[in-house]
Amino acid sequence: MDYFRNIILIAAIAGIVAGIGMTVAQHFITVPMILKAEVFEEQSSVAEVPATETAHEHGAEATGHSHDHGEGWGPADGAERTFFTLLANVVTGIGFALLLVAASELLGGLSGWRQGVFWGLAGFVIFTLAPGLGLAPELPTMPAAELGARQLWWVGTVVSTAAALWLLFYVPSLPATILAFVLLVLPHAIGAPQPASHESLIPENLHHSFVVAVVMTTLVFWGLLGGLAGYARKHFIGHA
């Protein structure tokens with residue numbers, strides 16, 4: 001029982017610290033880019049209001065009635081938005097830390113923070129780099145394919161990449177290596193779902209900068225997550 005309790009404690013420590021670090025990085029790097037993109041989103045929404053809808057709204061005002069077509073609730077900019085971002089990042093960090101620690105325990109456990117960093121880099125490749133080659137991070141107003149198709153391709157890519165890395169590092173044989181490369185290439189040979197059009201109001205340089213920023217901040221997140229998990233594992237459980 002103490003063993004499983006320690007596993008959860010390790011994941012909680014790594015996830016909370018990595019989630020806080022991710023939130024700080026996002027606050028200074030990616031959030032300003034998202035706010036810029038939201039300006040284009042607001043301009044697009046105003047420009048796309050049909051004349052008939054405008055006339056209908058004026059008629060409703062004249063008769064004393066109005067219809068609320070607003071979107072669902074969202075956190076306000078500032079402290080509230082930062083708080084919910086922090087909460088989401090911490091929960092995500094703990095979840096990914098549980099996956100990382102559980103998988104590493106099945107294969108012998110982490111011997112320290114250095115091995116933890118390597119496991120974190122593997123997590124980055126599996127959950128960010130490989131899916132990102134087909135589905136790049138998106139800013140508001142950018143076109144995207146149907147959500148269900150994207151989710152299916154993302155899950156398939158994650159599973160295929162994880163299996164490929166396991167074969168490469170833990171099954172030392174020529175057939176396993178060949179199969180690993182097939183699994184790495186297969187999702188991208190199939191291709192990620194794409195929108196009907198890639199036209200967007202978002203400037204290309206802004207989107208490019210956002211993609212680079214997301215990849216770099218996520219790389220730091222996974223490296224921190226793995227290193228902390230390895231360090232905490234050595235402290236609470238001992239050498240692998």
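I began with the lining of the largest pocket, which by class has 23 nonpolar, 15 polar and 4 charged residues; here Ala, Val, Leu, Ile, Met, Phe, Trp, Tyr, Cys and Pro count as nonpolar, Asp, Glu, Lys and Arg as charged, and the others, Gly among them, as polar. I note that this is a predicted model, in which local features need pLDDT of at least 70 and side-chain atom pairs count only at pLDDT 80 or more, while totals for chains, interfaces and linings use all residues. Residues are numbered from 1 along each chain as its sequence is written, and side-chain values use heavy atoms, with hydrogens and water left out.

I looked up the volume of the largest pocket and found about 1200 Å³. Of its 42 lining residues, Q26, P137, F210, V214 and T218 are the closest to the centre. A pocket is an open set of points on a 1 Å grid over the protein atoms alone, where a 1.4 Å probe fits, with protein on both sides within 12 Å along at least five of seven lines, and lining residues have an atom within 4 Å of a point. Grid points are joined across faces, edges and corners, and the volume is the space filled by probe spheres set on them. At least two lining residues come from each of α1 (2-28), α2 (30-47), α4, α5 (113-132), α6 (147-170) and α8 (204-236), where helices are DSSP runs (H or I, at least four residues) numbered from the N terminus.

I then turned to the second largest pocket, with a volume of about 490 Å³. Its lining divides into 17 nonpolar, 2 polar and no charged residues, and α5 gives the most to it, with 8 residues.

I checked N89, which is placed in helix α4 (residues 79-106) and counts as buried at 13% relative accessibility; buried means under 20% relative accessible area, exposed over 50%, and partly exposed in between (1.4 Å probe, protein chains only). Leaving aside neighbours within four places in sequence, N89 is in contact (heavy atoms within 4.5 Å) with G19, M22, T23 and Q26.

Last, I counted 7 aromatic pairs, taking rings of Phe, Tyr and Trp (its six-membered ring) as paired if their centres lie within 6.5 Å, with planes under 30 degrees apart stacked, over 60 edge-to-face and the rest tilted. F96 and W222 are a tilted pair, because their ring centres are 4.8 Å apart and their planes at 55°.
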